[in-house]
Amino acid sequence: MRMRVALVYNEPQKPPHDEVSEYQAVAAVLEAVDAVHQALLELDFDVTLVPLLPPLGQAEKELRKLDTELVFNLFEGFYDQPETEALVPEIFSEIGIPFTGCPAPVLRLALDKAKTKLILKAGGIKTADFQVLNPDTLHMFRLDYPCIVKPRCDDGSNGLSEHSVVHDFSALERQVSLISRSHAGDALVSQFLPGREFNATVMGNSELAVLPVSEIVYSLPPGMPEILTFDAKWEDDSLYFDGTKPVCPAEIKAEEEHHIAETITRAYRLLSCQGYARVDMRLDREGELNVIEVNPNPDISPGTGAARQAEAAGMTYAQFIDRIVRLALDTKDDEDSHPLYVPRR
């Protein structure tokens, strides 16, 4: 019999102020849903689509009623409630039904960028020096400029713009106040790292493998900070969108690739990730690798980082999705299954 798979995701909700680019970001989950749905059908699964809407209590009731053997989790949390992302793995861990991707504690931890950085530092992984600040604690600022200011608990480049890199106290005060107000929480202020920017996807549970590394290559006008802003992802008529391009595989030496792989698998294990996660990195002024963030359950739409890296490793999209399912079920690979990692060299 065909395995029953519930494809769970958040039904996009219109932002209250009807911002077009913000809705595009929220609705992007549908691209992943369509692609994963087609791949699962191609792999001969019996698929049920399960879109979730708030309130949280009603969504939880709907999930508990599901008759399925596996949950393919594309739920990113409800609009303006990123903390709800942990809902799906939390419920199915309790019920005992396998699900794709990382467990709830990992999603909660990675959402808090400050806690993540503390764990990375404690584990001996370089990450930029940082402080958690709000308008009432700005007087405690102790870092050197330039710094980058972002929400402490959010993802998807929310809150990041060309003004996020600050060079003096006046700009710092403005950005911390803006982030604290718009995200109803503290701002994460980190030392800005001026070097090359990379990311790579790790897949696995006990045995880990790294997909080919991507580099974010910037070609921006002078004076625009080289950071992956919200506009770079969602405003296709912006300078940031045009001037921010991923290159995969990255043009790096073999020893650099091995160092990146070693670093991000250590980060993956430190946070207890499972299934798959993307790790974002940047070089500092000394050319040393720093981990910026760990992103469990990243976007797997065709053309995005993880899917692009899987393709560079020689996988079709369906094979990539099949691998994610296998990791959720924790099954051994067949002799004919596609290898998880194909080295470039």
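Modeller: Please keep in mind that this is a predicted model. On its surface, Glu 162, Asp 231, Asp 236, Asp 237 and Asp 242 gather in a patch of negative charge.

Colleague: Is Asp 231 buried, partly exposed or exposed?

Modeller: Asp 231 belongs to the patch of negative charge and is found in helix H8, residues 230-234. Its relative accessible area is 32%. Buried means under 20% and exposed means over 50%. Asp 231 therefore counts as partly exposed.

Colleague: How many of the five residues of strand E7 are buried?

Modeller: Strand E7 covers residues 187-191. Strand E4 (residues 130-133) is joined to E7 by four bridges, and strand E5 (residues 147-151) pairs with E7 over five bridges; both pairings are antiparallel. E7 is largely enclosed by the rest of the structure, because the number of its residues that are buried is four.

Colleague: Which residue of E7 is the bridge partner of Lys 150?

Modeller: Two partners in E7 may be named here. Leu 133 has Ala 187 as its bridge partner. For Lys 150, the bridge partner in E7 is Leu 188.

Colleague: Which residue takes a positive phi in the hairpin of E12 and E13?

Modeller: Strand E12 (residues 275-283) and strand E13 run antiparallel and are joined by seven bridges. Within this pairing, Arg 282 has Asn 290 as its bridge partner. The hairpin has five residues between the strands, and the residue with a positive phi near 80° is Gly 287.

Colleague: With which residue does Glu 94 form a salt bridge?

Modeller: A search of the whole structure finds 15 salt bridges. In the one formed by Glu 94, the closest N and O atoms are 3.0 Å apart. Glu 94 lies in helix H4 and its partner in helix H3 (residues 56-64), so the pair ties together parts that are 30 residues apart in sequence. The partner of Glu 94 is Arg 64.

Colleague: How many residues apart are Arg 108 and Glu 90?

Modeller: The side chains of Arg 108 and Glu 90 meet in a salt bridge of 2.5 Å, N to O. Arg 108 is in helix H5 (residues 104-111) and Glu 90 in helix H4, so that distant parts of the chain are linked, the separation being 18 residues.

Colleague: How far apart in space are Gln 81 and Gln 38, C-alpha to C-alpha?

Modeller: Gln 81 lies in the loop between strand E3 (70-74) and helix H4 (87-95). In sequence, Gln 81 and Gln 38 are 43 residues apart. In space, their C-alpha to C-alpha distance is 28 Å.

Definitions and conventions. Residues are numbered from 1 along each chain as its sequence is written. This is a predicted model: local features need pLDDT of at least 70, side-chain atom pairs count only at pLDDT 80 or more; totals for chains, interfaces and linings use all residues. Side-chain values use heavy atoms; hydrogens and water are left out. Patches are made of residues with over 30% relative accessible area and no salt bridge: like charges are joined within 9 Å, nonpolar side chains (Val, Leu, Ile, Met, Phe, Trp, Tyr) within 5 Å. Accessible areas come from the Shrake-Rupley method with a 1.4 Å probe; for residues, only the protein chains shown count as cover. A salt bridge is a side-chain nitrogen of Lys or Arg within 4 Å of a carboxyl oxygen of Asp or Glu. Lys and Arg count as positive and Asp and Glu as negative; His and the chain ends are not counted. The place of a charge is taken as NZ of Lys, CZ of Arg, CG of Asp or CD of Glu. Helices (H or I, at least four residues) and strands (E, at least two) are DSSP runs, numbered from the N terminus. Buried means under 20% relative accessible area, exposed over 50%, partly exposed in between (1.4 Å probe, protein chains only). Two strands pair if DSSP finds at least two bridges between them.
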